Structure formats: C-alpha cells, structure tokens
Amino acid sequence: LGGVTEDYNDPGTPLQDATIAIAGPVASLLLAAVLLSIWWLVANQHSMASHDVFFVAVVNLVLAVANLLPGYPLDGGRIFRALVWYLHDDYSVGTRAAVAYGQIISTFGLAFGLVIIGSRNSWSAAGLWVILAAWSVTRVGRQELTRSVLISYGSMLTAGEAVQGINPHARADQTLDDVIEVLLADFRSGPALVSEGSAVIGVISLAELRRYRRADWLTVRARDAMIPLSSLPTLDESASIRTLLREFADDRTDTLIITGSDGVVGAIDRRIAVEKLIDKIRGARRLR
C-alpha cells in the first residue's frame with residue numbers, strides 16, 4: 001500500500017516523491033522478468049519447479065500492475081499526486097486528487113471482492129484479502145488527506161504564535177484547590193505556568209492534579225505537583241507548528257516548553273497544538 005508515514009516532515013519535491021514511489025513497482029517488474037527468464041530456461045526440465053517459478057513471477061507482475069493504479073496510497077497514486085502537485089504547485093491539491101481516485105479504486109475493489117466471495121470457487125477466500133486491501137486504501141487515504149492539510153498549513157503558524165495567551169499563571173505556593181480554579185477558568189487554555197517570584201519554574205495541568213486525592217488539594221502546593229521545566233523538552237518560538245507536531249509524534253512527549261530570547265514564552269500540549277492549527281486552517285479558508 002505504498003510507503004505511508006504519519007509524520008509532519010517537509011514532503012520534499014514532486015520529483016523526490018515520484019522517484020521513491022516508482023521504486024516499488026520497478027523492483028516487482030524486474031523480479032518478475034528474472035523469474036520468467038528462469039521459467040523459460042527450466043520449463044522443459046523440471047515441471048514442478050517451473051510451475052512454482054512461473055506462479056511467483058505472475059504474482060509479482062500482478063502486484064506491480066495493481067500498485068501502479070493512480071490512487072493513493074498505491075505507488076501509482078503517489079506518482080499521480082506528484083504530477084498534480086507539480087502542475088498546481090500545491091502538495092495538498094495533489095493529495096486530494098490522488099486520494100479521490102483511491103476512493104474510487106477502493107469502491108471497485110470492494111465490489112470485486114464480494115463477487116469473488118460469491119463465486120464460491122476454491123479460491124473465493126481471496127475475496128477477503130481484496131476487501132481488506134480496499135478498506136485499507138480508504139482508511140489510509142483519508143488519514144493522508146488530513147496529514148497533507150496539516151503539512152500545508154503547518155508552516156504558516158509558529159510555535160510562538162500558537163502559545164500566545166493560552167497559558168494561565170499559578171504561583172508556586174498556591175494550593176491545588178486554587179490551581180483548579182485557574183485551570184478551569186478557560187477550558188481551552190493550555191497548561192498553567194508555575195512561577196516563583198518572576199521566574200517560571202514549572203508547568204501544571206489537570207493531569208498532575210489527578211494524581212492527588214481531592215482531600216489533599218487543600219494542602220498540596222503547586223510546586224509539589226508541577227512538572228519542573230528541566231524535565232520538559234523545549235522548542236524555539238520561531239519553529240513552525242508542523243515541527244511542534246512532529247515533536248509530539250513521540251508518545252512520551254505530552255507538553256512542550258516554547259522559549260524565546262527572553263526565556264519561557266509558554267507551554268503547549270498536543271490538544272492545544274492541533275486546535276490552534278485547525279483554527280488557522282479555518283481562518284485561511286474563510287479568506288479565500
């Protein structure tokens with residue numbers, strides 16, 4: 001089903017994408033050619049061996065042809081996307097076109113799989129594999145469509161812009177009972193910055209409060225429940241939100257500290273980062 005990825009890296013150029021995509025079908029075609037040559041040489045000598053070699057050669061040939069269909073995530077779909085991307089100079093437009101064809105191919109694949117199953121031949125069980133492949137094409141195509149939008153618009157918003165005004169502030173000596181009021185004042189806010197004097201020393205969110213019993217909220221201080229800044233990864237405020245989302249691809253990273261020339265600018269978690277990017281996308285589309 002092609003080299004599907006879930007990161008938010010720079011997609012490169014249409015030529016690079018097409019070159020990577022064409023490698024799979026070319027390898028299958030070359031292997032089929034080699035096997036057919038071997039089959040031709042041994043066809044009259046070893047009937048059983050030649051039958052097996054011929055079967056594997058045909059399988060590779062069928063896979064190569066099927067994989068060249070112009071629908072994402074098949075390699076042919078990635079090549080088609082690269083062509084549309086090159087013509088329109090827009091990665092997102094190319095992805096939408098390739099995914100649309102992929103959905104059409106998936107629909108035909110689903111129908112074909114049902115026909116195979118209904119034939120009740122000895123090989124009718126193969127219809128299940130066809131249906132599974134069709135479902136995978138649909139699912140992966142939709143995921144890639146979302147990812148392409150995030151990639152295209154992700155470079156328009158910086159990490160510094162994303163954290164502007166999202167972080168409430170809590171003092172290190174405040175109890176958790178007071179901190180919960182700060183956090184709930186705006187449900188869409190990010191984690192609270194815990195400060196001592198004029199310095200930010202940590203971050204606290206609802207996740208940290210849940211580690212304590214409700215009865216302890218009147219005695220436990222923010223400094224005792226917070227996550228220290230030293231234990232959190234940092235990102236410069238000039239980085240794009242696409243880079244920020246790539247950092248969140250590591251499941252161990254839940255919160256990032258955004259820094260600037262004057263120190264800590266803010267803190268952001270995965271949920272807020274995605275919401276900010278979606279808001280940016282909606283705003284850009286309204287301006288069109």
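Modeller: Happy to! Let me start with Phe54, which is partly exposed because its relative accessible area is 35%; here buried means under 20%, exposed over 50% and partly exposed in between, with a 1.4 Å probe and protein chains only. A word on the ground rules: this is a predicted model in which local features need pLDDT of at least 70 and side-chain atom pairs count only at pLDDT 80 or more, while totals for chains, interfaces and linings use all residues. Residues are numbered from 1 along each chain as its sequence is written, and side-chain values use heavy atoms, with hydrogens and water left out.

Phe54 brings us to the aromatic rings. Rings of Phe, Tyr and Trp (its six-membered ring) pair if their centres lie within 6.5 Å; planes under 30 degrees apart are stacked, over 60 edge-to-face, and the rest tilted. That rule gives three aromatic pairs. Trp39 sits in helix H1 (residues 14-42) and Phe54 in helix H2 (residues 47-67), so the pair links distant parts of the chain, 15 residues apart; helices (H or I, at least four residues) and strands (E, at least two) are DSSP runs numbered from the N terminus. Trp39, at 30% relative accessibility, also counts as partly exposed.

Phe80 and Tyr101 make an edge-to-face pair, with 5.1 Å between centres and 85 degrees between planes. Because Phe80 belongs to helix H3 (residues 75-88) and Tyr101 to helix H4 (residues 91-119), this pair ties together parts 21 residues apart in sequence. Tyr101 is partly exposed at 41% relative accessibility.

Now for the charged side chains. The structure holds nine salt bridges, each defined as a side-chain nitrogen of Lys or Arg within 4 Å of a carboxyl oxygen of Asp or Glu. Helix H3 comes up again here: its Arg81 is linked to Glu144 of helix H5, 63 residues apart. The closest N and O atoms of Arg81 and Glu144 are 2.8 Å apart. Which way do these two residues fall, buried or exposed? Arg81 is buried at 3% relative accessibility, and Glu144 is buried as well, at 2%. Both belong to a network of salt bridges that links Asp17, Arg78, Arg81 and Glu144.

Arg211 and Glu208 form another salt bridge, with the closest N and O atoms 3.7 Å apart. Arg211 is exposed at 62%, whereas Glu208 is buried at 4%. Asp216 and Arg213 meet in a salt bridge too, at 3.4 Å from N to O, and Arg213 is exposed at 60%.

Back in helix H5 (residues 126-154) we find Thr138, which is buried at 17% relative accessibility. The side chains of Thr138 and Ser106 are joined by a polar contact of 2.5 Å; a polar contact is a pair of N or O atoms within 3.5 Å where, within protein, one must be able to donate a hydrogen and the other to accept it, and residues adjacent in sequence count only if both atoms are side-chain atoms. Leaving aside neighbours within four places in sequence, Thr138 is in contact (heavy atoms within 4.5 Å) with Gln103 and Ser106.

To complete the surroundings, let us turn to the strands, which pair if DSSP finds at least two bridges between them. Strand E3 (residues 199-204) runs antiparallel to E4, joined by two bridges, and Gly202 has Pro228 in E4 as its bridge partner.
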